[in-house]
Amino acid sequence: LTYLNSYNGRRFITSDESSSLLSYNCGNILFSYASSIFRHQWTVNASVQNVWNAQYQIVAYRPMPGIHYQLGLGVSLN
């Protein structure tokens, strides 16, 4: 189980620094479980992205998604 938090400060989007994107704080929770079944290594991953539901933009006028989820399954076939 992991919690990751990132803070990005204000970023200027014009060369004369008259306009900027607001700073934002974004948190992610990650869970991973691995087990050996039938002589193969299996991994299950789940994550909750943007747990604080921050409204932010990385590129001007292109809003990023609010809270969202990911689920993954992996297998090693060696």
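**Strand partners, ring pairs and burial**

Q: Which residue is the bridge partner of S35 in β5?
A: W42 is the bridge partner of S35. Strands here are DSSP runs (E, at least two residues), numbered from the N terminus. The model is predicted, so local features need pLDDT of at least 70 and side-chain atom pairs pLDDT 80 or more, while totals for chains, interfaces and linings use all residues. Residues are numbered from 1 along each chain as its sequence is written, and side-chain values use heavy atoms, without hydrogens and water.

Q: What makes β4 and β5 a pair?
A: Pairing needs at least two DSSP bridges between two strands. β4 (residues 24–37) and β5 share 9 bridges, so they pair, running antiparallel.

Q: Why is the pair Y3 and W52 called edge-to-face?
A: Ring centres must lie within 6.5 Å; planes under 30 degrees apart are stacked, over 60 edge-to-face, the rest tilted (Phe, Tyr and Trp, the last by its six-membered ring). Here the centres are 6.5 Å apart and the planes stand at 70°, so edge-to-face applies.

Q: Why is the pair Y24 and Y56 called stacked?
A: The planes are at 20° and the centres 4.2 Å apart, so the pair is stacked.

Q: Why is W52 called exposed?
A: Exposed means over 50% relative accessible area, buried under 20%, partly exposed in between (1.4 Å probe, protein chains only). W52 has 55%, so it counts as exposed.

Q: Why does Y3 count as partly exposed?
A: Its relative accessibility is 41%, so Y3 falls in the range in between.

Q: How do you know that N50 is buried?
A: N50 has a relative accessible area of 1%, so it is buried.

Key: Helix = DSSP H or I, 4+ residues; strand = E, 2+ residues; numbered from the N terminus.
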